[in-house]
Amino acid sequence: MIALLIFMCAAIIGYDILFRRVPNGVLLLSLLAHAGYFSVTGHGITGIDMSQSLIGGVVGLLIFLPLYMWRVMGAGDVKFLIVLGVLLGGGGLISTWLIGSLLAGVHAIAFYFLGTWMAMMPLGLQRLMQQMESSAMYQRVLNARQGRQGIPYAAYLAIAVIFYLIRTWGKKKKI
């Protein structure tokens, strides 16, 4: 079932990078699979028990919903974090949140300095980037985003989840 989580993360990475959205269907499918796995095995997809899953969801809700209300975070990012809390428990949620935030922070710093770096790039590379920005494919992606901008935070969280799953793979969970 870990493969299902990795598939979910891959879908979110691609979708968030291209469209700056987190698909609700992927989140719902993950929750349904988690609930089904609970009903069959008595523990969640990642080996956590029901109390850990509920605590993770509540922690995600209490910490991240106010960030959405203050417009610090997008709704899709918050929904994804709450689902991660349910799937990974509180400890897994905090670990992936810290790693994902670090990755997003590196992205933000790189984007901030992009203007300075653009001035120092060779002219040929600048032209290539301009051609890519004016390409039909890139314009279709921009149209599909419907004006949404920003850092693909959910994609970085999904990368952190994959890292977390690989790091904890094979370790026995105490249930």
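Modeller: This is a predicted model. From the N terminus on, the elements follow the order α-α-α-α-α-α-α. The chain accordingly counts 0 strands and 7 helices.

Biologist: What does the C-alpha trace of the chain span along its principal axes?

Modeller: The chain has 175 residues, of which 35% count as buried. Along the principal axes, its C-alpha trace spans about 60 × 35 × 25 Å.

Biologist: Where does α4 bend?

Modeller: Helix α4 covers residues 75-120, and a straight helix with its 46 residues would reach 68 Å at 1.5 Å a residue. Its end C-alpha atoms are only 37 Å apart. The helix bends by about 125°, and the residue at the bend is G89.

Biologist: Which element gives the most to the largest nonpolar core?

Modeller: This core has 33 residues, and M8, I12, F80, L81 and L84 touch the most other members. Two or more residues come from each of α1 (2-19), α2 (24-41), α3, α4 and α7 (153-168). With 10 residues, the element that gives the most is α4.

Biologist: Is M69 buried or exposed?

Modeller: M69 is found in helix α3, which covers residues 50-69. Together with L61, L65, W70 and V72, M69 makes a nonpolar surface patch of about 560 Å². Exposed means over 50% relative accessible area. Because its relative accessible area is 57%, M69 is exposed.

Terms used. Residues numbered from 1 in each chain as written. Predicted model: local features only at pLDDT ≥ 70, side-chain atom pairs only at ≥ 80, totals over all residues. Heavy atoms only, no water. Patch = residues over 30% accessible without salt bridge, like charges linked within 9 Å, V, L, I, M, F, W, Y side chains within 5 Å. Areas by Shrake-Rupley, 256 points an atom, 1.4 Å probe, with all protein chains shown as cover. Salt bridge = Lys/Arg side-chain N within 4 Å of Asp/Glu carboxyl O. Helix = DSSP H or I, 4+ residues; strand = E, 2+ residues; numbered from the N terminus. Buried < 20%, exposed > 50% of the residue type's maximum accessible area, 1.4 Å probe, protein only. Expected span 1.5 Å × (residues − 1). Bend = angle between axes of the 7 residues up to and from the residue. Core = buried A, V, L, I, M, F, W, Y, C linked by side-chain atoms within 4.5 Å.
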